[in-house]
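These are my notebook entries from an afternoon with one model.

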Amino acid sequence: MVKNKKTKRRPRKEPLLTGMRAELWPVFSRYIRMRDCLEVTGTTTHGKCCTCGRSYPIGKLQAGHFIPGRADSILFEPTCVHSQCYRCNMLLQGEWLKYFRYMENKYGLEHVFKLMALSEEKREITPEWAAITMNYYQEEILRMEARHGI
Ligand SMILES: [Zn+2]
């Protein structure tokens, strides 16, 4: 098959986050990226894209969902979100095949299917849950910074 280099890939469209989801997202995203950086480099400043494996400073990594759509039930599920580069997350629409293999390898298929089922559940984030969760991830970030440096 001949690859058509002229084909433009559009960045994938995800529903915009508003209100408490939009407030919680940057904190959660930072937690995810720091967690992954620590796992692959032992630092909180550099990590790798989970789907292409390229190295990036934390500021160039994004928190990419394994399952698109940003449903409330998986929006802030830490095992469903990992560090990805802009190219894989946006331009290559999440690189789902590679992401699937990454997930299978990291968590096992049973958990992958659990997340898929969870993504179809109707769950609404409440302000109380958002506040508790925000607090939790802020503390986790401070803990990681204190232990491993910023
Ligand atoms: Zn990548």
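In which loop does Gln-93 lie? I found Gln-93 in the loop between helix H3 (86-91) and H4. Before going on, I noted that this is a predicted model, where local features need pLDDT of at least 70 and side-chain atom pairs count only at pLDDT 80 or more, while totals for chains, interfaces and linings use all residues. Residues are numbered from 1 along each chain as its sequence is written. Helices (H or I, at least four residues) and strands (E, at least two) are DSSP runs, numbered from the N terminus.

**Entry 1: the loop between H3 and H4**

I looked up the backbone of Gln-93 and found phi near 50°, a positive value in a residue other than glycine. Most residues other than glycine have a negative phi. Glu-95 lies in the loop between H3 and H4, and its phi is likewise positive, near 50°.

Next I checked burial. A residue is buried if 20 or more other C-beta atoms lie within 10 Å of its own, exposed if 12 or fewer, and partly exposed in between, with C-beta atoms placed from the backbone. Gln-93 is partly exposed because it has 14 other C-beta atoms within 10 Å. Glu-95 has 21 C-beta neighbours inside 10 Å, so it counts as buried.

I then listed contacts, meaning pairs whose C-beta atoms, placed from the backbone, lie within 7 Å. Leaving out residues up to four places away in sequence, Glu-95 touches Thr-51 and Cys-88. From Glu-95 to Pro-15, 80 residues apart along the chain, the C-alpha atoms are separated by 19 Å.

**Entry 2: Met-90**

Met-90 is found in helix H3. It counts as partly exposed because 17 C-beta neighbours lie inside 10 Å. I also noted that Met-90 and Glu-120, 30 residues apart in sequence, are 23 Å apart in space, C-alpha to C-alpha.

**Entry 3: H4 against H5**

Two packed helices are described by the angle between their axes and the distance between the axes. Axes here are lines fitted to C-alpha atoms, for helices over the stretch in contact, and angles run from 0 to 180 degrees between N-to-C directions. H4 and helix H5 (residues 109-119) pack at about 120°, with axes 7 Å apart. H4 is therefore oblique to H5; angles under 35 degrees count as roughly parallel, over 145 as roughly antiparallel, 65 to 115 as roughly perpendicular and the rest as oblique. Met-103, Glu-104 and Tyr-107 of H4 meet Leu-109, His-111 and Val-112 of H5.

**Entry 4: H1 against H6**

How do the axes of H1 and H6 cross, and at what angle? They come within 9 Å and cross at roughly 30°, with H6 covering residues 127-148. The two helices are therefore roughly parallel to each other. On the H1 side, the contact includes Met-20, Leu-24 and Val-27, and on the H6 side Pro-127, Ala-130 and Thr-133 are among the residues. By class I read 13 nonpolar, three polar and two charged residues; Ala, Val, Leu, Ile, Met, Phe, Trp, Tyr, Cys and Pro count as nonpolar, Asp, Glu, Lys and Arg as charged, and the others, Gly among them, as polar.

Beyond its neighbours within four places in sequence, Tyr-31 is in contact with Tyr-137, Glu-140 and Ile-141.

A nonpolar core is a set of buried Ala, Val, Leu, Ile, Met, Phe, Trp, Tyr and Cys residues joined through C-beta atoms within 7 Å. The largest one has 23 residues, and Phe-28, Tyr-31 and Ile-32 are among those with the most contacts inside it. H1 gives the most to this core, with six residues.

Asp-36 sits in H1 (residues 19-41). Is Asp-36 buried or exposed? It is buried, because 21 other C-beta atoms lie within 10 Å. Not counting residues up to four places away in sequence, Asp-36 touches Gly-47, His-82 and Ser-83.

Methods
Two residues are in contact if their C-beta atoms, placed from the backbone, lie within 7 Å.
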